[in-house]
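Subject: Structure handover and notes

Hello,

Here is the structure I said I would pass on. Please open it alongside this message and check the notes against it.

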Amino acid sequence: MNYQEILNTIQSELYHIKSNGKVASYIPELAKIKPDKFGMHLYCINSGHYNFGDDTERFSIQSISKVFALTIAMSLLDDTLFDRVGVEPSGDPFNSLVQLEHENGIPRNPFINAGALVISDILISELKNPKKDFLHFIHTITNDNTITINPQVYASEKSNSYRNAAVLNFMKSFGNIKNDIDTVLDFYIYQCAIEMSCEELSTAFMIYANGGKKLFDNQTIIAPEKIKRINAIMQTCGFYDEAGEFSFRVGLPGKSGVGGGIVAIHPEQYAVTVWSPPLNPKGNSELGMYALERLTTLTGYSIF
Ligand code: DON
């Protein structure tokens, strides 16, 4: 497969496409990102790296961090984890509260904000030094210990986190948050403020394409049967109320973030990341979705 030729085709198509998307502004610091940034990086298990554009520039990974958080939690706990968070698509926006009221404060899945906040609560209970250990996990799977948070983005979300504070308080009233609310919120915002490039995310997500093993040294990070489950949750819940649309158009498990990044994996083939800050109304990168749709169309392969 000539991936570089396919990426070059996608890059030239993008010149002719006008995005109607809007850069996220509810976290004020994210509104400062230039909307015309675009990067794409595909890391193939068999043949290495392919890329174009701003693929080495770091951006705010935001909700993409929820995949790492779930992975750490699943490597520490058994299936009792899923007593506190479900594995069903929500069909609602990422920051919605409505289902929690009828469902005893148990979030539908770990990738909506409510579910990720429960995972943060679990990690605070389980890890000695949650922030340090979280960064250490990312350093391990990327082999790069320079990856860290953007302090301005962290501070910006901290002063605008009324919705997530409400979600946490609501879940605590059902007994599904064990630790102090401010501590959980702070840790969650910290993990969202991590910055990585498309190249670094594709390297990190290789563990999901490669049965739980790092490609560069073959070290097992998490058991293959757990990877199967994480990929299934990415497929069904990675894009909130647009998970069906992403499956329909792209056909790969993936995860988006309001920083404009999307990572997708083709099991046993590749991990691919796109970054384009303008978001569609569901909070997913508009041109990112376009680029990934073209990738699976031009290669002729998705998981379906
Ligand atoms: O909690 C929030 O609202 C953000 N820190 C993350 C949301 C997000 O990335 C949703 N993704 N598309």
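Predicted model: local features only at pLDDT ≥ 70, side-chain atom pairs only at ≥ 80, totals over all residues.

Residues are numbered from 1 along each chain as its sequence is written.

Ligand shell

The ligand is surrounded by 13 residues, of which Gln-62, Ser-63, Cys-192, Gly-257 and Val-258 are the closest. Sorted by class, the shell holds 3 nonpolar, 9 polar and 1 charged residues. In this sorting Ala, Val, Leu, Ile, Met, Phe, Trp, Tyr, Cys and Pro are nonpolar, Asp, Glu, Lys and Arg are charged, and the others, Gly among them, are polar.

Gln-62 also has a backbone feature to look at: its phi is near 45°, a positive value in a residue other than glycine. Gln-62 sits in the loop between β3 (59-60) and α2 (65-76). Helices (H or I, at least four residues) and strands (E, at least two) are DSSP runs, numbered from the N terminus. Gln-62 is buried, with 25 other C-beta atoms within 10 Å. The cut-offs are 20 or more other C-beta atoms within 10 Å for buried and 12 or fewer for exposed, with partly exposed in between; C-beta atoms are placed from the backbone.

Asn-218 has a positive phi as well, about 65°, although it is not a glycine. This residue is in the loop between α10 (206-209) and α11 (224-237). Asn-218 counts as exposed because it has 8 C-beta neighbours inside 10 Å.

Helix packing

Two packed helices are described by the angle between their axes and the distance between the axes. The axes are lines fitted to C-alpha atoms, for helices over the stretch in contact, and the angles run from 0 to 180 degrees between N-to-C directions. Angles under 35 degrees count as roughly parallel, over 145 as roughly antiparallel, 65 to 115 as roughly perpendicular and the rest as oblique.

Helix α6 (residues 151-158) packs on helix α8 (residues 181-192) at an angle of about 140°, with the axes 9 Å apart. α6 and α8 are therefore oblique to each other. On the α6 side the contact uses Tyr-154, Glu-157 and Lys-158, and on the α8 side Ile-189, Tyr-190 and Cys-192. Contact here requires the C-beta atoms of two residues, placed from the backbone, to lie within 7 Å. The contact of α6 with α8 has 4 nonpolar, no polar and 2 charged residues. Cys-192 is also among the residues closest to the ligand.

α8 also packs against helix α4 (residues 113-126): the axes come within 9 Å and cross at roughly 105°. That makes α4 roughly perpendicular to α8. From α4, Ala-116, Leu-117, Ser-120, Asp-121 and Ile-124 meet Thr-183, Val-184, Phe-187 and Tyr-188 of α8. This contact has 6 nonpolar, 2 polar and 1 charged residues.

α4 has a further partner in helix α7 (residues 162-173), where the axes come within 10 Å and cross at roughly 65°. That makes α4 roughly perpendicular to α7. The crossing of α4 and α7 is right-handed. Asn-113, Ala-114, Leu-117 and Val-118 of α4 make the contact with Asn-164, Val-167, Leu-168 and Met-171 of α7.

Single residues

Asn-169 is in helix α7 and is exposed, with 12 other C-beta atoms within 10 Å.

Asp-92 lies in the loop between α2 and α3 (98-102). Asp-92 is partly exposed, with 15 other C-beta atoms within 10 Å. Leaving out residues up to four places away in sequence, Asp-92 touches Val-98, Gln-99 and Asp-241.

Ile-6, in helix α1 (residues 3-14), is partly exposed, with 17 other C-beta atoms within 10 Å. With residues up to four places away in sequence not counted, Ile-6 touches Leu-295, Leu-298 and Thr-299.

Regards

Definitions and conventions
Near = placed C-beta within 6 Å. Left-handed = near helix turned anticlockwise from the far one by under 90°.
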